[in-house]
Amino acid sequence: MSAELHGPILGRRRLSAALRHARDQTGATQEQVAEAMDWSLSKLIRIEKGTVGISTTDLRSLLAHYGVHDSESVNALIRLAKSSRERPWWATYREHLPTTDFEKLLGLEAEASSIETFQSTLIPGLLQTQAYMRYVLGGIVNDVAGPESVEVREEVRLRRQRSLFESDGAPVFRVVLDEATLRRVAQSPAVMREQLLHLADLNTRSNIVIEVIPFTAGPYVDSGTFQLLSFPGADPPVVYLENAWYDELIDKKDQVQKYEQLLANLRRRALDKGQSEALIRKIADEFR
């Protein structure tokens with residue numbers, strides 16, 4: 001059992017996985033454990049899903065029921081339980097965040113070793129300039145949530161950018177874009193030129209790879225916007241889906257593997273990093 005401390009989202013994810021594994025080792029069902037602990041079944045289900053935390057008192061009792069008595073293992077799990085209750089930086093903005101899965105994404109981003117994404121219509125939020133960001137958020141959020149939420153979400157997005165790209169141990173960020181994304185004008189040619197030059201400059205960094213699927217690559221299946229997040233150690237990757245109706249985190253192995261394969265197929269159609277940077281700068285010059 002690792003003794004490392006983790007952020008609240010990954011900490012809760014690791015704890016819930018460990019508790020499911022401990023129960024599986026006993027051969028007990030959730031119903032049997034809930035009855036033995038004198039808990040409601042829904043309480044145990046939420047704990048095992050990681051949607052709620054667990055007190056250290058309840059955790060010790062549950063581990064004793066599972067026959068987990070090794071002090072190192074117990075203490076490591078208690079540290080995970082405590083870390084999962086820490087107040088994250090985005091808690092201040094919680095009422096303006098779109099979904100609980102988006103909130104989980106913020107925590108997982110901070111723990112990821114790599115983030116891979118595909119976008120066919122927009123520049124990814126983590127790579128947006130402030131002018132492009134304001135235009136996009138104003139069009140998407142303002143009609144639904146009002147100007148205050150636009151300002152808050154802009155602040156959250158800028159903070160995500162700083163925490164991911166200006167901190168030690170920043171993750172590898174790999175992006176596949178459709179050429180149409182580069183040519184779709186957001187607000188004005190000047191805004192687009194600034195945004196594209198920003199992309200090209202980012203693509204010179206060692207931990208950022210931007211690859212463009214050119215028009216000449218022909219048609220392909222558009223899967224919609226998604227991110228694949230991978231983590232150091234034994235934590236399995238997750239996929240974050242984002243569309244007009246809902247956001248969703250996927251962690252089932254077979255489904256995640258489909259998106260891994262999809263990304264590989266998209267990259268085969270894309271230009272390499274150097275060719276993509278050249279195309280991005282060429283299109284930026286067209287916006288003079």
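Here are my entries, in the order I made them.

**Ground rules.** I am working with a predicted model, where local features need pLDDT of at least 70, side-chain atom pairs count only at pLDDT 80 or more, and totals for chains, interfaces and linings use all residues. I number residues from 1 along each chain as its sequence is written, and side-chain values use heavy atoms, with hydrogens and water left out.

**Entry 1: salt bridges.** How many salt bridges does the structure hold? I found 15, taking a salt bridge to be a side-chain nitrogen of Lys or Arg within 4 Å of a carboxyl oxygen of Asp or Glu.

**Entry 2: Asp58 and Lys43.** I looked up this pair and found a salt bridge of 2.9 Å, N to O. Asp58 sits in helix α4 (residues 56–66) and Lys43 in helix α3 (residues 41–49), so distant parts of the chain, 15 residues apart, are linked. I take helices as DSSP runs (H or I, at least four residues), numbered from the N terminus. Asp58 is partly exposed at 21% relative accessible area, and Lys43 is partly exposed too, at 25%. For these words, buried means under 20% relative accessible area, exposed means over 50%, and partly exposed is in between (1.4 Å probe, protein chains only).

**Entry 3: Glu154 and Arg134.** Their side chains meet in a salt bridge of 3.0 Å, N to O. Glu154 belongs to helix α9 (residues 147–165) and Arg134 to helix α7 (residues 130–140), so the pair ties together parts 20 residues apart in sequence. Is Glu154 buried or exposed? I noted Glu154 as buried, at 10%, while Arg134 is partly exposed, at 49%.

**Entry 4: Glu277 and Arg281.** The closest N and O atoms of this salt bridge are 3.1 Å apart. Both residues lie in helix α13 (residues 273–286), four residues apart, about one turn of the helix. Salt bridges that share partners also join Glu116, Arg174, Glu211 and Arg267 into one network.

**Entry 5: nonpolar cores.** A nonpolar core here is a set of buried Ala, Val, Leu, Ile, Met, Phe, Trp, Tyr and Cys residues joined through side-chain atoms within 4.5 Å. The largest has 44 residues, and those with the most contacts inside it include Leu127, Leu182 and Ile210. Helix α11 (residues 189–202) gives the most to this core, with six residues. Apart from it lies another core of 20 residues, among them Trp39 and Leu77.

Terms used. Helices (H or I, at least four residues) and strands (E, at least two) are DSSP runs, numbered from the N terminus.
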